[in-house]
Amino acid sequence: MFEKEIIRLLKKETKQKNITLEIPPNPDLGDFAFPCFILAKQHQKNPNEIALELSMKIKPTELLEAIVPKGPYLNFFLNRSKLSELTLKSILKEKDKYGSYLVGKGKTALIEHTSINPNAAPHVGRARNAIIGDSITRLLKFQGYKTEVHYFVNDVGKQIAILVLGIGSKKPEFKKLLNIYSKTYNKIRKSKKLEQQAFILLKKFEEGDKETIKRFNHVVDICIKGQIETLSKLNVKYDVFDYESKYLFDKKIKEILAKLEKTNQLITDKDNRKVLNLSSFNLPTKEPYFVLTRSDNTSLYSLRDIAYTLDKIKKSKTKNIIVLGEDQKLYFQQIKAALSLLKQQAPQVIHYSHILLAGGNKMSTRTGDVVLLEDFIKEAVKKAENELKKRKSRNIKKIASVIGIGAVKYSILKVSPDKNIVFDWDSALSFEGDTSQYIQYVYARASSILKKAKINHSNPNYLMISLPEEINLINKLYKFPETVYKATIELKPYIIANYLYQLAQIFNDFYHKCQCISEDRELTKTRLAIVAATRHVIKNGLNILGIDVTEKM
RNA sequence: GGACUUGUAGCGCAGACUGGAUAGCGCGCCUGCCUUCUAUUGCAAAAGAAGCAAGAAGCAAGCAGAGGGUCGUGGGUUCAAAUCCCACCAAGUCCA
């Protein structure tokens with residue numbers, strides 16, 4: 001609302017249609033700035049002069065304390081007590097809702113994420129998908145969307161056949177599967193005969209052989225249960241599990257082929273496979289053909305995926321999102337192209353880069369070269385426990401889990417998704433600097449101040465807010481809703497992670513400079529209101545990231 | 001060979017889409033500050049006690065400050081480029 005006021009005044013004075021405001025690099029210069037370069041060009045005048053002229057014409061208002069030219073910029077200072085009053089009042093009133101514009105009210109959002117192959121325990125690399133997906137779900141929920149989280153179970157495929165082959169008649173527990181899988185995979189690479197066996201199994205499964213289906217289902221069940229259990233430790237939950245095998249015999253497959261036939265882009269190639277000609281989409285593939293079936297006319301993963309995606313499109317009216325690794329970028333473009341031939345809008349996709357191991361290797365289930373998510377969580381919680389013991393905290397177990405799991409999530413969420421993360425235990429488990437516990441600590445600190453004060457902080461005196469540390473903090477709190485909004489539009493939780501870290505830093509500045517509990521009752525009330533407001537914002541923000549808070553640390 | 005993403009301080013990142021003021025942050029490094037301790041060393045040529053210094057540990061998950069940059073390289077556009085465009089280099093990913 002402050003921006004609006006400034007823009008209104010500037011429009012009136014400059015007769016410009018579009019006014020863009022900037023934030024000065026340094027708060028001493030003001031809260032908002034209007035650069036005068038464009039006007040300078042139009043009027044063939046020095047921008048410094050224009051800023052000066054405008055500063056004479058535009059008078060301060062109730063919301064704007066001062067308007068000062070500084071070189072080619074016209075800088076606006078907001079009315080402090082007004083800003084404080086509006087910000088603190090709305091935080092303390094809206095509480096857990098503060099920060100939401102409720103842009104998703106009455107709308108639904110379908111999110112597919114994780115969708116790990118059901119052949120082994122998830123490793124840290126896979127967790128990036130789940131954690132990003134979960135955070136986006138929470139973000140949309142916070143904005144009022146009704147969300148539905150889907151998990152696509154790829155229960156058809158060579159990797160399951162390999163596992164079935166490796167298991168034989170054994171009844172292994174979930175943890176052993178990774179080992180069995182990578183062993184069998186390596187054997188198969190060396191033996192054509194074994195590989196043939198895997199293909200035969202897969203074929204039987206696809207043909208509906210009851211015994212084989214049973215064996216496949218058995219393995220997939222163990223996997224999915226195990227995966228869900230691990231992910232539930234991160235408090236990541238799913239609403240619907242969709243099985244790829246459902247589409248093996250689905251009549252939709254034929255319908256889709258028939259529809260594609262009508263576009264004249266469906267061709268039977270020299271190997272008698274049905275392929276889709278995507279040459280009009282200019283994708284960077286060598287051949288512009290997207291293979292949908294085998295020579296015997298059975299469906300491939302691509303075709304089943306199209307069918308599944310169409311089902312999702314049907315279900316989701318307003319928002320349809322999928323989280324995929326960067327290795328799926330081109331593949332997804334092909335799916336998108338196929339859907340566009342069917343005149344359907346593909347889901348909004350979020351790609352993320354891989355988590356590499358400290359030698360530059362990608363984590364791979366095939367080679368077994370992985371850091372398991374389970375182990376990573378355990379280590380993080382253990383580390384937190386040790387730290388807490390040093391500080392003789394109470395309730396160590398519970399708090400350690402909040403901190404440890406928060407650290408796992410935050411370390412993944414804080415980095416922009418198109419950057420590779422190089423995993424090494426030391427920095428992943430470091431509890432210093434830009435970490436979740438630094439933020440959680442601010443929450444705990446704020447909680448303990450409020451508890452200690454035992455004073456009701458309603459009706460603070462906004463006129464008493466004057467120190468730069470207080471003002472900076474309130475400014476930052478004021479920006480929370482627009483930060484959340486930006487993260488929603490761009491589907492980027494890391495924006496919120498970065499914001500929270502900055503907020504925590506600013507709060508600590510405030511904490512060190514401003515004694516909250518003092519003889520002056522009026523001042524105490526006012527500062528407590530600031531503390532309480534910060535506490536709410538930290539909580540809301542961390543909640544979007546899926547990170548819990550704790551009253552004590 | 002083609003396409004996409006990334007490259008910002010020793011290390012890890014933000015800023016880039018939407019060009020604008022002195023390029024921010026964390027870790028580490030360096031300096032100073034606060035508390036406690038005395039296994040070790042010195043002041044100190046009996047021993048012990050106390051002290052000072054060194055040292056160690058710690059705190060409010062400490063504080064304050066300092067240093068650290070060809071924004072991958074080279075061009076171009078612009079009054080203005082980390083930001084936009086082109087070429088190249090390196091890393092990651094995909095395409096048969």
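I started with α16 and helix α20 (residues 521-545), which pack at an angle of about 145° with their axes 9 Å apart. This is a predicted model, where local features need pLDDT of at least 70, side-chain atom pairs count only at pLDDT 80 or more, and totals for chains, interfaces and linings use all residues. Side-chain values use heavy atoms, without hydrogens and water, residues are numbered from 1 along each chain as its sequence is written, and chains are lettered from A and ligands numbered from 1 in the order in which they are written.

Some terms I noted down. Helices (H or I, at least four residues) and strands (E, at least two) are DSSP runs, numbered from the N terminus. Axes are lines fitted to C-alpha atoms, for helices over the stretch in contact, and angles run from 0 to 180 degrees between N-to-C directions.

**α16 with α20**

Then I listed who touches whom, with contact meaning heavy atoms within 4.5 Å. From α16, the residues include Ile439, Val442 and Leu450, and they meet a set in α20 that includes Leu528, Ile538 and Leu542. By class, this contact has 12 nonpolar, two polar and two charged residues. Here Ala, Val, Leu, Ile, Met, Phe, Trp, Tyr, Cys and Pro count as nonpolar, Asp, Glu, Lys and Arg as charged, and the others, Gly among them, as polar.

**α16 with α19**

Next I looked at α16 (residues 436-453) against helix α19 (residues 493-513): their axes come within 9 Å and cross at roughly 45°. That makes the two oblique to each other (under 35 degrees is roughly parallel, over 145 roughly antiparallel, 65 to 115 roughly perpendicular, and the rest oblique). This crossing is left-handed. Among the α16 residues here are Tyr438, Arg445 and Ile449, and the α19 side includes Leu500, Tyr501 and Phe507. I sorted the residues of this contact into 11 nonpolar, three polar and one charged.

**RNA strand B**

Which residues come nearest to RNA strand B? Of the 39 around it, they are Ala33, Tyr73, Lys419, Tyr441 and Tyr501, where near means a heavy atom within 4 Å.

By class, the surface has 14 nonpolar, 10 polar and 15 charged residues.

Last, polar contacts (N or O atoms within 3.5 Å). A side-chain N or O atom of Arg445 is 3.3 Å from a sugar or linking oxygen of RNA strand B. For Asp434, a polar backbone atom is 3.3 Å from such an oxygen.

Note on methods:
Left-handed = near helix turned anticlockwise from the far one by under 90°. Polar contact = N/O pair within 3.5 Å; in protein donor to acceptor, adjacent residues only side chain to side chain.
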